[in-house]
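Please look over the sequence and the model shown below before reading on.

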Amino acid sequence: MVLWGALNVLMQHECRMIDCIVSEWGQWSECDTACGNGMMSRTRIIEQKPQNGGKHCPSLVQKRGCQGLKCHNHHDRKALRETALLLPAALSKSRHENDTSDIRRNLRLRYKNAFKHNRGNEYCVEFEVIKATKACHKDNTYRGLAEGERVIVRCDLEALHEDKTVDTLASNSVQDDEEPDTPKYRCRGDGLTGRNTRFTTLAMPACRGKWMRLTVGQPKKCPSSDTQFIFV
């Protein structure tokens, strides 16, 4: 009987449930993106595996967003902080037909004498929508701003601003080919290739989100029929 009792105690000890035990969290890693939005992570390890139906191990990896600040130059950092302000492209057509009734004339625009009012200097940028608020889905005009969709945004002459931060030939800005020493101009919020930036719509501020620029290098001209929105 003594032997049986000892064996029973031993069996109970061997069959008892053992929960998983993990270590403390390690240090956070560096941001995986040198410039712009990225992710950083930290890990922990299993010190005791669960046995006999014990509690399973919790997650061994944690991630959180971060902002890479090692951008190439001041122009890039500035571009990543900008938020594109949008209007439907249909307003661009009506403005071209009657330049005196531009809806943005009373906004913060300073396009006087820029590019000699040459509409040949207008350009387009293609983006892929990464995230958009529900408000965008409720209006037919902005329904194209949905996650995964690609949109083309036109930079009209009225939205061009002098880009005083440009100091490289790889800039997104455009310049007067006839006068190469003139200042460069671009639309605010036209982003950086492969980087996430923000957008919002002028007529419906609740419609906003993030997108990634797909256009590589200096943007090209495009027909008005190909564009869904215009920069403000």
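## A buried aromatic group

Phenylalanine 199 counts as buried because its relative accessibility is 1%, where buried means under 20% relative accessible area, exposed over 50% and partly exposed in between, with a 1.4 Å probe and protein chains only. Tryptophan 211 is likewise buried, with a relative accessible area of 0%. The model is predicted, so that local features need pLDDT of at least 70 and side-chain atom pairs count only at pLDDT 80 or more, while totals for chains, interfaces and linings use all residues. Residues are numbered from 1 along each chain as its sequence is written, and side-chain values use heavy atoms, with hydrogens and water left out.

A search of the whole structure gives 4 aromatic pairs; rings of Phe, Tyr and Trp (its six-membered ring) pair if their centres lie within 6.5 Å, and planes under 30 degrees apart count as stacked, over 60 as edge-to-face and the rest as tilted. One of them is the stacked pair of phenylalanine 127 and tryptophan 211, with 3.8 Å from centre to centre and 10 degrees between the planes. This pair joins strand β6, which holds phenylalanine 127, to strand β11, which holds tryptophan 211, across 84 residues. The rings of phenylalanine 199 and tryptophan 211 form a tilted pair, because their planes stand at 40 degrees, with the centres 4.8 Å apart. Phe127, Phe199, Trp211 and Phe231 make up one aromatic cluster.

## The barrel

Six strands form a closed barrel in the order β5-β10-β11-β6-β7-β12, with mixed pairing; strands (E, at least two residues) and helices (H or I, at least four) are DSSP runs numbered from the N terminus, and two strands pair if DSSP finds at least two bridges between them. Strand β6 (residues 123–132) runs antiparallel to strand β11 (residues 208–213), and 5 bridges join them. Valine 129 has tryptophan 211 as its bridge partner in β11.

## The nonpolar core

The largest nonpolar core contains 24 residues, and those with the most contacts inside it are Leu86, Leu145, Val153, Phe199, Trp211 and Phe231; such a core is a set of buried Ala, Val, Leu, Ile, Met, Phe, Trp, Tyr and Cys residues joined through side-chain atoms within 4.5 Å. Strand β6 gives the largest share of this core, 5 residues.

## An exposed helix residue

Arginine 81 is found in helix α2 (residues 74–81), and this arginine counts as exposed because its relative accessibility is 58%.
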